[in-house]
Amino acid sequence: MRLTWSLALLLCSSTMSGAIEPISTGIAMGIAAAVTGFLARYQNVLYYFQECCRPEWMSYNKTGLEEDLRTKLFGQHVAARVILKAVTGFMNNKNPRKPLVLSLHGWTGTGKNYVSQLIAESIYCKGMTSGFVHLFTATAHFPHEMHLELYKSQLQQWIKGNVTNCPRSMFIFDEMDKMHPGLIDSIKPYLDFYDNLDGVSYRQAIFIFLSNAGGENIVQVALDFWTAGREREEIELKHLETALSLSVFNNKNSGFWHTSLIDKNLVDFFVPFLPLEYKHVVQCGLAEMAAKGLTPDEEVVDRMARDLSFFPKEERVFSRQGCKIISSRLDFYI
Ligand SMILES: *[C@@H]1O[C@H](CO)[C@@H](O)[C@H](O)[C@H]1NC(C)=O
Ligand SMILES: *[C@@H]1O[C@H](CO)[C@@H](O)[C@H](O)[C@H]1NC(C)=O
């Protein structure tokens with residue numbers, strides 16, 4: 001077992017020669033011969049043990065993402081379409097000119113975190129638990145403004161170090177609107193159209209920003225459609241783009257927008273998440289029951305959904321919390 005692990009490690013490291021230097025040449029050659037023979041036959045077994053920056057551990061599954069977006073994400077026809085197109089276009093491009101940068105917007109509980117998880121699962125065998133997927137939450141990882149300079153250099157080192165190890169790395173930044181503008185500025189160079197920075201190319205990397213910024217405007221568009229008696233499915237990206245960009249430039253409170261991310265076109269896609277309706281919350285509840293290993297029970301989920309808060313007050317169209325608290329709420333009703 002131990003041998004297997006070290007072999008796997010050797011295999012994963014890009015600098016094989018460095019790794020065997022301390023061993024005397026005779027032994028090294030003996031091992032090398034054995035390893036070569038072994039590898040030739042059992043390569044796949046070795047890759048199985050240790051996650052590597054290799055296609056065995058990361059290859060894009062478009063069918064998988066398409067199916068996940070269709071069956072596991074509820075009420076987000078616009079976001080689903082944009083995400084599939086953006087990720088597929090990027091992953092199929094052998095020579096992208098810059099890393100993929102997605103900015104996901106909407107109220108909490110509408111599925112932004114969930115979609116990042118689905119994207120990770122469509123690329124990395126280990127999904128969110130992959131060593132090549134990095135999640136940063138503003139309030140957890142960078143809570144104190146007085147440590148800004150430390151955070152900056154740390155974050156830059158992390159991005160550089162991880163992309164050096166594996167060009168196909170993914171970085172997810174949650175609560176982007178709570179992140180200090182200076183910190184966002186410090187990662188800007190990595191998002192840009194550079195061939196390389198200090199010998200490292202970032203063009204295979206994926207950056208996903210999650211924020212509530214623009215959420216109010218998206219809700220307003222959805223509400224306008226509903227008031228006008230139009231179908232939710234008639235809402236297209238173009239209806240939301242204006243709402244989003246206006247809020248983007250007007251909202252003085254969200255640090256994100258102080259920076260020149262937008263000016264410089266560093267964000268490839270702004271992805272809007274619509275507020276969820278009653279029926280979507282029920283869908284989430286049923287899926288959640290199934291995930292808990294229970295038989296989905298419409299009556300139970302209905303009882304739970306009715307107790308949630310919706311707006312406008314009278315008509316109760318859109319859920320305030322979306323699907324966020326469903327998992328914990330459901331336990332009270334089962
Ligand atoms: C891609 O995803 C589909 C649907 O989940 C699955 O059936 C298929 O086996 C996956 N393909 C690969 C190569 O993993
Ligand atoms: C990669 O990122 C993680 C944070 O997700 C960090 O702890 C680690 O040190 C980074 N690795 C390198 C080589 O910089």
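In the predicted model described here, an oxygen atom of ligand 1 is placed 2.4 Å from an N or O atom in the side chain of N61. Such a pair is a polar contact, that is, two N or O atoms within 3.5 Å; within protein, one must be able to donate a hydrogen and the other to accept it, and residues adjacent in sequence count only if both atoms are side-chain atoms. G64 contributes a backbone N or O atom, which lies 3.5 Å from an oxygen atom of ligand 1. The residues around ligand 1 are N61, G64 and E67, where a residue is near a molecule or strand if one of its heavy atoms lies within 4 Å of it. On its own, ligand 1 has 360 Å² of accessible area, of which the protein covers 30%. Accessible areas come from the Shrake-Rupley method with a 1.4 Å probe, and for residues only the protein chains shown count as cover.

Residues are numbered from 1 along each chain as its sequence is written, while chains are lettered from A and ligands numbered from 1 in the order in which they are written. As the model is predicted, local features need pLDDT of at least 70, side-chain atom pairs count only at pLDDT 80 or more, and totals for chains, interfaces and linings use all residues; side-chain values use heavy atoms, with hydrogens and water left out.

Ligand 2 is surrounded by H134, Q157, W158, G161, N162 and N165. Helix α8 gives the most to this shell, with five residues; helices (H or I, at least four residues) and strands (E, at least two) are DSSP runs, numbered from the N terminus. The side chain of N162 has a polar atom 2.3 Å from an oxygen atom of ligand 2. For H134, an N or O atom of the side chain is 3.0 Å from an oxygen atom of ligand 2. The protein covers 57% of the 360 Å² of accessible area that ligand 2 has on its own.

Two disulfides are found in a search of the whole structure, a disulfide being a pair of cysteine sulfur atoms within 2.5 Å. One is formed by C53 and C166, with their sulfur atoms 2.1 Å apart. This disulfide is right-handed because the torsion about its S-S bond is about 75°. It links distant parts of the chain, 113 residues apart: C53 is in the loop between α3 (25-49) and α4 (62-72), and C166 in the loop between α8 (148-165) and β3 (170-174). C53 is partly exposed, with a relative accessible area of 30%, whereas C166 counts as buried at 0%. Buried means under 20% relative accessible area, exposed over 50%, and partly exposed in between (1.4 Å probe, protein chains only).

The other disulfide joins C284 to C323, with an S to S distance of 1.8 Å. The link of C284 and C323 is right-handed, with 85° about the S-S bond. C284 lies in helix α12 (residues 278-291) and C323 in the loop between β7 (318-319) and α14 (326-333), so the pair ties together parts that are 39 residues apart in sequence. C284 counts as buried because its relative accessibility is 13%. A further cysteine, C125, counts as exposed at 55% relative accessibility.

S116 is located in helix α6 (residues 112-123). With a relative accessibility of 1%, S116 counts as buried. A polar atom of its side chain lies 2.8 Å from the backbone oxygen of K112. Leaving aside neighbours within four places in sequence, S116 is in contact (heavy atoms within 4.5 Å) with L104, M128, M170, I172, I208 and L210.

Y194 is found in the loop between α9 (181-191) and β4 (206-211). Y194 is partly exposed, at a relative accessible area of 38%. Not counting residues up to four places away in sequence, Y194 touches P189 and R203. Y194 and K98 are 96 residues apart in sequence, and their C-alpha atoms are 6.9 Å apart in space.

The mean pLDDT of the protein chain is 86, and 84% of its residues reach 70 or more; pLDDT is the predictor's confidence in each residue, from 0 to 100. Confidence is highest in helix α5 (residues 77-92), at a mean of 98, and lowest in helix α2 (residues 16-20), at 41. Over residues 14-20 the pLDDT is below 50, and this stretch has four contacts in the model beyond near neighbours in sequence. For residues 1-6 the pLDDT stays under 50, with five contacts beyond four places in sequence. Where pLDDT is low, the predicted coordinates should not be read in detail.
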